[in-house]
Amino acid sequence: MNTANGTLWQNWSGSVHARPARVVTPGGIAEAAVAVKDAARDGLRVKAVGSGHSFSSIAATDGVLMRMDRLDRLVDVDRESGLVTVEGGMPLHRLNPLLADHGLAMENLGDIDRQTITGAISTGTHGTGVGFGSISTQVRALELVLADGSTVRCSRQERPELFAAARVGLGALGVITRVTLQCVPAFAMHAVEQPMPLDRVLGDLDQWVDGNDHFEFFWFPHTRTALTRRNRRLPADTPLRPSSRPRRWFDDEFVTNTALEGLLRLGTALPRTVPGITRLVTGALSAREYTDLSHRIFASRRDVRFHEGEYAIPRETAPDVLREIARWVDTHDERISFPLEVRFAAADDIPLAPTYRRTSAYIAFHQYHRMPYRRYFDAMESILGSAGGRPHWGKQHSLDAARLRPRYPCFEEFVALRDELDPTGLFTNDYLNRVLGTPAA
């Protein structure tokens, strides 16, 4: 096992920093268990960390930072059943091509694939598609190192209470070392991207959501334009017609990364230019249509750094909530340089999933990392919270246990399980103490 003295760690956006007492990088499950036991002996807390793509401080620690970089192997593939087991540090951008080599794919994915599988499921990472759940709903078994250093396996048949909770476990129940996923036969997707008037999208929202396998849109504040994305699932042997290389470079590299970064730096220096910048960027987007393998369409490249918050609200409330957000933007002088992203997901039975027993619309709000964001984020949290919003655990939010408890029907049961498995708070940090409360002991 690789061990080093603590060095400064930060998340992807640079908004969260930590200086752990030491950093360990286990090369196997046994080494991960030893690291947990050593931390307990030395009175240090433990946090496992993957790619650091969470915007919240969920992975920060002043104790032992366990990097999952070397626990990143493909363990087993059963093509007939679609069951695939990987180690907890496997990043999604590596997993997807491996699955394709075996004629398989993940049923649904988010729009970024830099996360590790453990980080993605622990925070409730999701994609879009009202008929599909989050990545956590694709999990069929987990292996964890608990606070006492023991290694356990859980599934719907083995320790079902632990399995139910650990699928979105916030890192509070143990270190996930292996994940078994239910994959599906590889498939292609036909994608249509099209700018539309926001009022048209909201007026016909049910038709867009129900009439497409996967539907989402980006709305650019200071404009009334939404960039819609409609994806239709197709058999894997469908002839592929990916977007041309020059078009991909212009849309995905130049406009949404290189040019946007330069314009946002200008907006930081001259805030009054931000509304014009958003209109310029919106005007540069045009319709396009292409067909490719699913994982190449689900995920996008994101180089521009930003702050992000996201809440899941009841699906039926989305049009009115977005109109309220638009009114707030119109009546305040806040300069908002990034679009809101609106996605949809099926209900599930995972206790701390934002979609627990509720078909949901996810609304994500962003701001360029060099610009002020607190007033805007506070307003979004207020509006979305008034609609019964539940926060994405990997995104920024200000809620604590007292305000989260009534939003999650099984909140107390989750905390009781956490207290049973980790009574001394080995796996806690400041974030978990805020959102779950401190452990009983």
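The legends below describe close-up views of a predicted model.

Residues are numbered from 1 along each chain as its sequence is written, and side-chain values use heavy atoms, with hydrogens and water left out. Because the model is predicted, local features need pLDDT of at least 70 and side-chain atom pairs count only at pLDDT 80 or more, whereas totals for chains, interfaces and linings use all residues.

**View A. Packing of helix H10 against helix H11.** Helix H10 (residues 318-330) packs with helix H11 (residues 374-386) at an angle of about 150 degrees, and their axes are 10 Å apart; helices (H or I, at least four residues) and strands (E, at least two) are DSSP runs numbered from the N terminus, and axes are lines fitted to C-alpha atoms, for helices over the stretch in contact, with angles running from 0 to 180 degrees between N-to-C directions. H10 and H11 are therefore roughly antiparallel to each other, a term for angles over 145 degrees. Val321, Glu324, Ile325 and Trp328 of H10 meet Arg375, Tyr376, Ala379, Met380, Ile383 and Leu384 of H11, where contact means heavy atoms within 4.5 Å. By class, this contact of H10 with H11 has 8 nonpolar, no polar and 2 charged residues, with Ala, Val, Leu, Ile, Met, Phe, Trp, Tyr, Cys and Pro counted as nonpolar, Asp, Glu, Lys and Arg as charged, and the others, Gly among them, as polar.

**View B. Burial along helix H10.** Buried residues in H10 are Ala318, Pro319, Val321, Leu322, Ile325, Ala326, Trp328 and Val329; buried means under 20% relative accessible area, exposed over 50%, and partly exposed in between (1.4 Å probe, protein chains only).

**View C. The surroundings of His93.** His93 lies in helix H2 (residues 92-101) and, at 30% relative accessibility, counts as partly exposed. Leaving aside residues up to four places away in sequence, His93 touches Asp113 and Arg114. His93 and Val342 are 249 residues apart in sequence and 23 Å apart in space, taken C-alpha to C-alpha.

**View D. His222, a loop residue with positive phi.** Although His222 is not a glycine, its phi is positive, at about 75 degrees. His222 is placed in the loop between strand S15 (214-219) and strand S16 (225-235), and its 17% relative accessibility makes it count as buried.

**View E. Arg357, a loop residue with positive phi.** Arg357, a residue other than glycine, has a positive phi near 50 degrees. The loop that holds Arg357 runs between strand S19 (340-345) and strand S20 (360-368), and Arg357 is exposed, with a relative accessible area of 66%.

Conventions. Angles under 35 degrees count as roughly parallel, over 145 as roughly antiparallel, 65 to 115 as roughly perpendicular and the rest as oblique.
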